[in-house]
Amino acid sequence: MAQHRHKRVTDARTPLARAALVAAPVAFLTTVSAVALGVVSQDQPPSRDLLAGTALASSIGERSAPVSRSSSRAADEARKADRKADRKAEKQAERKAAKKAARKQQQNAAAAARAADVAVRQADTRLWTTEALNLWTSADGSAQKVGVVDAATKVLVTGREAQGRTEIVMGGKARWVTSGYLDEEKPLTGIAGSCTNGTSVPAGVDPDITAVHRAVCARFPEITSYGTFRSDGEHGQGRAVDVMVSGSRGWEVAEYLRANYADLGIEYLIYSQKIWSVDRAGEGWRGMSDRGSATANHYDHVHVTVY
């Protein structure tokens, strides 16, 4: 009987061994591919997906930290407190300035009162008022009108003048009147005598014009020329007359008529580019605009208009 011997197969492998033999080359290839891929990726620009992801991460990282509501409220409250403090400081400064101005005004008023008292005590000159004048408490624009002094009144003058006004003494107090209407001589007043130089005015003129002519003729008989009727305005109505006179004599006539305006019914007078009117008597003679000639500006005659 033949004997069967089992022959040992020297290259036999177990399943586990075979698997290991197969896996080793695969792992080697995988490692080599990964290395190669890494080398290749270093030489190539990053993909869009990679860049986009990087930019997104960067923007997220740069986003400012949120401010809490409590911090915002605190900042608002601080600003409000600052504004309130500023307003308070401004009001305090305004009150301080007002008090300072009030003290200054009181000091000025006291100084003015002392100066007026000295002026009143030292006054020793007396002059005549050439017309009715408004009485003012001071010379400045804040003065109050406290009465009127009549024309042809002798008043005590202190010698002080300011802003177009002269200081006089009335009732023991300092008062101010418009400068230029005080004179050493008493103004002519009253209607005297009758006309003796043979002049006359036409019939039909206002009766007050006849009275004006008669008064001027009696006081200034050397004046022999009078202009009454003509086509314009008050002359055409018979309510005006021109007394033909010039120079200082003209002023004497004008002042005489102004001093007697009530008795003669005079409304206003014009002479030497100045006007005097009853409704603004307290302002005295007022300047007029230039009308272009001596006659138009009333340098060669006194114009008289009656009511």
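Which backbone nitrogen does a side-chain oxygen of D206 reach at the start of α4? I opened this predicted model, where local features need pLDDT of at least 70, side-chain atom pairs count only at pLDDT 80 or more, and totals for chains, interfaces and linings use all residues. Residues are numbered from 1 along each chain as its sequence is written, and side-chain values use heavy atoms, with hydrogens and water left out.

**Helix α4.** I found the D206 oxygen within 2.8 Å of the backbone nitrogen of D208. Helices (H or I, at least four residues) and strands (E, at least two) are DSSP runs, numbered from the N terminus.

**What is buried.** I looked for buried residues (under 20% relative accessible area, 1.4 Å probe, protein chains only). In α4 they are I209, A211, V212, H213, A215, V216 and C217. Their cover, by contact (heavy atoms within 4.5 Å), includes α6 (247-259), α7 (261-264) and β13 (302-306).

**The sheet.** I traced an open sheet of six strands, ordered β8-β9-β13-β10-β11-β12, with antiparallel pairing (at least two DSSP bridges between two strands). β8 and β12 stand at the edges with a single partner strand each, so one side of each has no neighbour in the sheet. β8 pairs with β9 over two bridges, and G227 stands opposite D242 in β9.

How values were computed. Buried < 20%, exposed > 50% of the residue type's maximum accessible area, 1.4 Å probe, protein only. Polar contact = N/O pair within 3.5 Å; in protein donor to acceptor, adjacent residues only side chain to side chain.
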